[in-house]
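Visitor: I have a structure open and would like to learn how to read it. Could you take me through a few of its features?

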Amino acid sequence: MPQNEYIERHRKLHGRRLDYEERKRKREAREPHKRAETARSLRGIKAKLFNKERRNEKIQMKKKIKAHEEKKTKNVSEKVAEGALPVYLLDRDVKSRAKVLSNMIKQKRKEKAGKWDVPIPKVRAQADAEVLKIVKSGKTKRKAWKRMVTKVTFVGEGFTRKPPKFERFIRPMALRFKTAHVTHPELKATFHLPIIGVKKNPSSPMFTSLGVITKGTVIEVNISELALVTQTGKVVWGKYAQVTNNPENDGCINAVLLV
Amino acid sequence: MENNIETEDTTKRLLCRFISENGEIAGESIDLPLNCTVHQLALICNAILQQTDQVPFKFFVNENEITSNLQETLKLTQINTEGVTDIVYQHQAVFKVRPVTRCTASMPGHAEAVISVSFSPDGKHLASGSGDTTVRFWDIDTQSPLYTCQGHKNWVLCIAWAPDSSKLVSGCKNGNIIIWDPETGKQLGKTLSGHKQWITSLSWEPYHQNPDCRLFASASKDTDIKIWDSVLCQCVLTIAGHMKSVTMIKWGGQGLIYSASQDRTVKVWRASDGILCRTLEGHGHWVNTLALNTDYILRIGAFDPVKDSNKGTNDKKKSQEFALQRFKGVSEPIGERLVSGSDDFTLFLWDPSKDKKPLARLTGHQQLVNDVKFSPDGRILASASFDKSIKLWDAKTGKFMHTLRGHVQAVYMVAFSADSRLMVSGSSDSTIKLWNLQTGKLEIDLPGHADEVYAVDWSTDGLKVVSGGKDKVLRLWQN
């Protein structure tokens with residue numbers, strides 16, 4: 001161990017030898033050749049270790065070069081944010097909301113044809129036997145003209161049951177639903193909305209009129225809570241949604257709004 | 001006896017005299033028959049005042065308007081018919097603005113939402129600022145784009161025309177201000193930077209104080225107000241004093257600058273040296289907006305919407321006198337009135353040149369007040385609120401007049417026609433609605449925009465309405 005900085009002291013007193021710079025340059029120029037020689041002559045585990053080290057070195061070098069280049073070209077232009085707002089809305093947290101504002105004529109035409117671009121295009125058909133359970137009646141339980149709906153149903157507000165003699169289809173109270181969880185696909189938000197009616201059950205028109213809700217059924221929901229407006233400035237309140245789950249299994253109705 | 005009954009039946013008479021709004025008695029008191037109609041009253045009033053042209057009037061007895069004839073109104077008011085009855089007359093605008101009914105042009109071009117639109121004071125130019133960082137000038141006659149001005153680096157939040165229409169200033173979200181030449185679409189001078197945050201409002205010095213239109217004031221989110229020289233392109237004065245973002249600035253006609261801020265105060269500054277004159281306190285939340293009863297007069301400077309707008313004189317002295325005279329005509333009777341709308345759902349009416357106490361507190365809105373405007377004649381006050389309604393108030397007393405309902409979402413902005421008979425409003429529900437102020441009813445519904453309407457403006461000559469919004473399209477509406 002040196003006892004003090006004698007080399008530096010000497011350098012300060014006498015300076016470096018006269019050919020120091022040249023020797024240094026030459027040594028540096030020889031360095032790649034030397035390294036290549038080692039790389040060529042090394043064998044086995046030593047070659048592996050050497051190559052690994054050299055690779056890491058190169059990666060670091062490239063990173064450094066890139067960082068320097070970025071620093072040079074930094075001040076070009078920052079992206080302007082989208083969704084410009086007027087001054088009076090800048091300090092308020094305006095929630096982004098996708099508008100319905102669909103072309104009413106187009107929508108009417110679609111409605112007429114009874115076709116919608118739905119998220120679930122193919123729906124497994126529900127057989128009559130699956131949906132309707134036969135209820136035996138009569139004193140000796142010989143009659144079998146009564147049916148009980150075993151799926152979730154929507155029953156309108158003013159519905160009263162018929163007397164038992166005339167009631168062919170029984171819709172059990174436990175399976176009646178009034179609300180659905182509807183997801184707005186653009187907002188990526190879900191709302192708890194009241195159901196207005198069943199627009200179409202793809203399995204059968206009879207299920208539609210009975211108000212049976214299965215997976216793939218198109219229901220009409222009340223979206224006045226979302227405060228969407230049409231192009232003419234009217235509040236939209238009824239909008240269609242397609243059921244995406246099996247309500248009879250889950251105990252709730254999940255649906256996607258058709259925009 | 002018989003004779004007496006006969007005269008009572010045919011012509012009941014009443015001793016009346018005409019009084020102007022400001023309480024000046026015109027002519028002698030006269031004996032009027034009770035079945036005297038409004039039209040006849042107008043003829044008499046014109047004769048008394050010795051008007052050469054027939055001027056339309058409105059008549060009031062005890063603040064009730066005479067709609068058909070004297071008798072009907074008197075029945076309502078039940079005043080003492082023994083004494084002299086005072087009939088208050090109000091000048092109406094000589095010209096009538098026809099209501100806009102249809103969209104004559106939808107002008108696409110902006111790549112982002114249109115945030116501000118404005119007609120020039122002489123009604124010949126139209127400019128818009130947008131979120132795509134450009135200011136655009138539009139040709140009104142051909143309804144097509146004229147110039148696209150690039151220079152800003154962020155959303156162009158507000159624009160303001162010089163009162164002589166020779167310049168337009170625009171402020172952006174980065175806090176830079178640029179002056180544009182509307183004739184060439186080129187930038188004048190260099191970019192004015194100094195504000196640390198976005199510009200919220202811009203206001204020019206009134207024409208009657210300096211016909212060269214050099215100075216303007218800017219307010220910013222960084223709580224400062226700066227006064228700039230548009231020729232030298234440098235800041236003349238920086239006024240600091242607000243604690244929070246300044247939301248609105250108005251350069252009044254009496255050498256005062258009014259500023260509203262989110263720190264719940266309205267401050268009055270002397271424009272010449274930036275000394276605080278008064279702090280108007282009263283609001284319980286952010287103050288969003290300000291309006292002066294001289295706004296329209298200050299905006300149009302020396303232009304006269306009645307005469308042909310091409311007949312502008314080159315003599316600056318003359319036009320300055322003209323502007324000053326017209327300003328005095330509006331401001332002298334009652335002074336410069338200021339109204340402020342706030343997040344606490346109320347409005348305050350102030351007389352800022354005299355008193356720091358409010359004249360009236362206007363309550364009734366159920367949501368924050370976003371925009372307030374005085375009608376050009378300074379008689380009516382309209383406030384647009386997020387509670388979907390617009391309310392009309394008497395500008396003198398602050399008395400509530402009407403509620404205009406019809407929008408289904410927040411109302412963002414209102415604009416009056418030059419004759420103060422009509423008003424348009426732009427709303428978040430994507431429509432513009434035209435209101436008749438005399439009846440307080442919806443006149444015409446103008447749908448067309450595909451998204452929220454952020455800005456509307458009625459041209460000073462009353463011919464066109466322009467609107468811009470989130471759907472990136474500028475729309476022109478005409479009769």
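This is a predicted model: local features need pLDDT of at least 70, side-chain atom pairs count only at pLDDT 80 or more; totals for chains, interfaces and linings use all residues.

Visitor: Let us begin with chain A. How many helices and strands does chain A have?

Guide: Chain A has eight helices and 10 strands. Of its 259 residues, 28% count as buried. For contacts in chain A with a separation of 6 or more, 50% are between residues 24 or more positions apart. The accessible surface of chain A is about 19200 Å², and carbon and sulfur atoms hold 54% of that surface.

Visitor: Now the salt bridges. Why can side chains pair?

Guide: Side chains can pair because opposite charges may meet when the charged atoms come close. In this model, a search of the whole structure gives 21 salt bridges over all chains.

Visitor: What do the side chains of A:Arg54 and A:Glu57 form?

Guide: They meet in a salt bridge, with 2.9 Å from N to O. Both belong to helix H3 of chain A, residues 44–72, and because they are three residues apart there, about one helical turn separates them. A:Arg54 is partly exposed at 24% relative accessible area, and A:Glu57 is partly exposed as well, at 34%.

Visitor: Which residue of chain B forms a salt bridge with A:Arg92?

Guide: That partner is B:Asp343, and the closest N and O atoms are 3.0 Å apart. A:Arg92 sits in the loop between helix H4 (87–90) and helix H5 (104–113) of chain A, while B:Asp343 sits in the loop between strand S24 (338–342) and strand S25 (347–350) of chain B, so this pair joins two chains.

Visitor: Which residue forms a salt bridge with B:Asp122?

Guide: B:Lys124 does, with 3.8 Å between the closest N and O atoms. B:Asp122 counts as buried at 8% relative accessibility, whereas B:Lys124 is partly exposed at 42%. Salt bridges can also share partners, and in that way A:Arg124, A:Glu130, A:Lys151 and A:Glu248 are joined into one network.

Visitor: Where does UniProt place the feature "repeat: WD" in chain B?

Guide: The unreviewed UniProt entry places that feature at several spans of chain B, including residues 149–190 and 446–479. Residues 149–190 of chain B are 0% helix and 52% strand, with end C-alpha atoms 14 Å apart. For residues 446–479 of chain B, the figures are 0% helix and 53% strand, and the end C-alpha atoms lie 12 Å apart.

Visitor: Last, the empty space. How is empty space found?

Guide: A probe the size of a water molecule is rolled over the atoms, and this shows where empty space is left. In this model, the largest pocket holds about 2000 Å³ of space. It is lined by 49 residues, and the closest to its centre are B:Glu21, B:Gln90, B:His91, B:Asp377 and B:Arg379.

Visitor: Which elements give two or more residues to the lining of the largest pocket?

Guide: They are strand S3 (57–61), strand S5 (85–91), helix H4 (295–300), helix H5 (316–334) and strand S30 (400–404), all of chain B. Helix H5 of chain B gives the largest share of that lining, seven residues.

Definitions and conventions:
Residues are numbered from 1 along each chain as its sequence is written. Chains are lettered from A and ligands numbered from 1 in the order in which they are written. Side-chain values use heavy atoms; hydrogens and water are left out. A salt bridge is a side-chain nitrogen of Lys or Arg within 4 Å of a carboxyl oxygen of Asp or Glu. Helices (H or I, at least four residues) and strands (E, at least two) are DSSP runs, numbered from the N terminus. Buried means under 20% relative accessible area, exposed over 50%, partly exposed in between (1.4 Å probe, protein chains only). UniProt positions are given in the numbering used here, feature names are shortened, and annotations may be inferred rather than shown by experiment. Contact means heavy atoms within 4.5 Å. Accessible areas come from the Shrake-Rupley method with a 1.4 Å probe; for residues, only the protein chains shown count as cover. On a 1 Å grid over the protein atoms alone, a cavity is a set of points where a 1.4 Å probe fits but cannot get out, and a pocket is an open set with protein on both sides within 12 Å along at least five of seven lines; lining residues have an atom within 4 Å of a point. Grid points are joined across faces, edges and corners, and a volume is the space filled by probe spheres set on the points.
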